[in-house]
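Subject: Structure handover

Hello,

Please find the structure below. My notes on helix packing and salt bridges follow.

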Amino acid sequence: MSAPLTDVSTTALPTVVIGAGPVGLAAAAHLTQRGIEPLVLESGPAAGSAVREWGHVRLFSTWSELVDPAAEKLLEPTGWTAPDGAAYPSGADWAEQYLQPLADLLGDKVRCGATVTGVSRLGRDRIVDADREQQPFTVRIRLTDGTEQRILARAVIDASGTWTTPSPIGSDGLPALGERAAAARISYRVPDLKDPAVRARYAGRRTAVIGSGASAFTALATLAEVAKDEPGTHTVWILRRGISGSTFGGGTADQLPARGALGLAAKAAVDNGYADAVTGFRTESVEPARDGRLVLTGEDGRRLDPVDEIIVLTGLRPDLSFLSEIRLRLDERLQAPVELAPLIDPNQHSCGTVYPHGHRELSHPEPGIYLVGMKSYGRAPTFLAMTGYEQVRSVVAAIAGDTESADRVELTLPESGVCGGAGLFDDPAGTEQSDGGGCCAPEPALVQIGATATGAADGEQAPGGCCS
């Protein structure tokens, strides 16, 4: 672990934070608390721009888990009133009632409309060793009017998230054949069905929803609500694996009750006939039908009945393009820091909590740069806001040279109630399990949609092990 930067000319520079989302603004709050000048660069027009884009979605974490302690300390003297800690905000609530007031407090330390296009060392590309660590970082930005600027920084905290780079339809990580050509009928976001224009796009139509996580659950549940009022509205839920006891999440065993309820709502959409599940389907191509609709073809040759719209919710991935001149050490699978990757690998982890981690797990061969928040998880889907808040507390302490505080990482995350591996291998049979000595030994049992699994209530696994 390298020593903190001590050169006067470097420490006088700001620490650049990329992204004015929840974790980026929390980083700025911690920097301010320690007397280090932050400069937050946000590509969108306002703080929390990405959060605002899914503002219609309600979080499954309560307010008590969504407000950073350092940020709250900064806000309290301004007369800001903390929301009810037991309530569940929407994305819009989070942005308007917390993120925007925090950004307003930070004032000109937050610059919106500034897109980071590159990060490097002053006068050093990635191959040059000489005096590298003594040089400040250079951060290139593009403003909304097209002009470019260069900013010098003592350290860089990349909290830009993964929102702008959704994963495609293809199970090989590439766009399915014809996916780009059909872009007008494909969305990669949970639709806001309270918006009349968006509702008209899906009401009375047949929609394919591809994905198996919380976003897919949300889409299934909201489309089911439309189907109750709009005849002809139907969803085809496409899963790359089979239906098992863990498909719908932890149910009532989830320590985040709203997260468990979301999975149960998705199950109800299928049980009540508003959606059909197609399992073990890996999409190879998207083809136009004669009537102008779209036909999905699987790698196994199956062709599904035509659909009017497709909603792709297959995860997100980090944009690493503007970090090409920085020496990063990333896991070859997850694109997460190599020390963090084994702790969050979704092929292994879905039951229990993520091992506490901080600056050491988030460091790279290039000292002074950290990927935090959603971006630190790479392609892993299990990130929670409170994880990011603890990350930046530790990282900022390390930048300040307070190694004792930086190493004191304590975090307990709520269990999902889902045992075995998360099944990212997408075994069509639905019988995958963790091979890493997980807390629950039995393989997940197959669940017949519309029926109750033996020994368990609808939507939950039979009790046992750590998930009881």
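Buried means under 20% relative accessible area, exposed means over 50%, and partly exposed covers the range in between (1.4 Å probe, protein chains only). The model is predicted, so local features need pLDDT of at least 70 and side-chain atom pairs count only at pLDDT 80 or more, while totals for chains, interfaces and linings use all residues. Residues are numbered from 1 along each chain as its sequence is written, and side-chain values use heavy atoms, with hydrogens and water left out.

Salt bridges

There are 19 salt bridges in the structure, each being a side-chain nitrogen of Lys or Arg within 4 Å of a carboxyl oxygen of Asp or Glu. One of them joins Glu 309 to Arg 205, with the closest N and O atoms 3.8 Å apart. Glu 309 lies in strand S14 (residues 309-312) and Arg 205 in the loop between H6 and strand S9 (206-210), so the pair ties together parts 104 residues apart in sequence. Helices (H or I, at least four residues) and strands (E, at least two) are DSSP runs, numbered from the N terminus. Glu 309 is buried at 5% relative accessible area, whereas Arg 205 is partly exposed at 34%.

Arg 199 and Asp 229 also form a salt bridge (4.0 Å, N to O). Here Arg 199 is partly exposed at 24% and Asp 229 is exposed at 56%.

Arg 121, Arg 132 and Glu 366 are linked in a salt-bridge network.

Helix packing

Pro 22, Leu 25, Ala 28 and Thr 32 in H2 meet residues of H5, including Trp 94 and Leu 99, where contact means heavy atoms within 4.5 Å.

Regards
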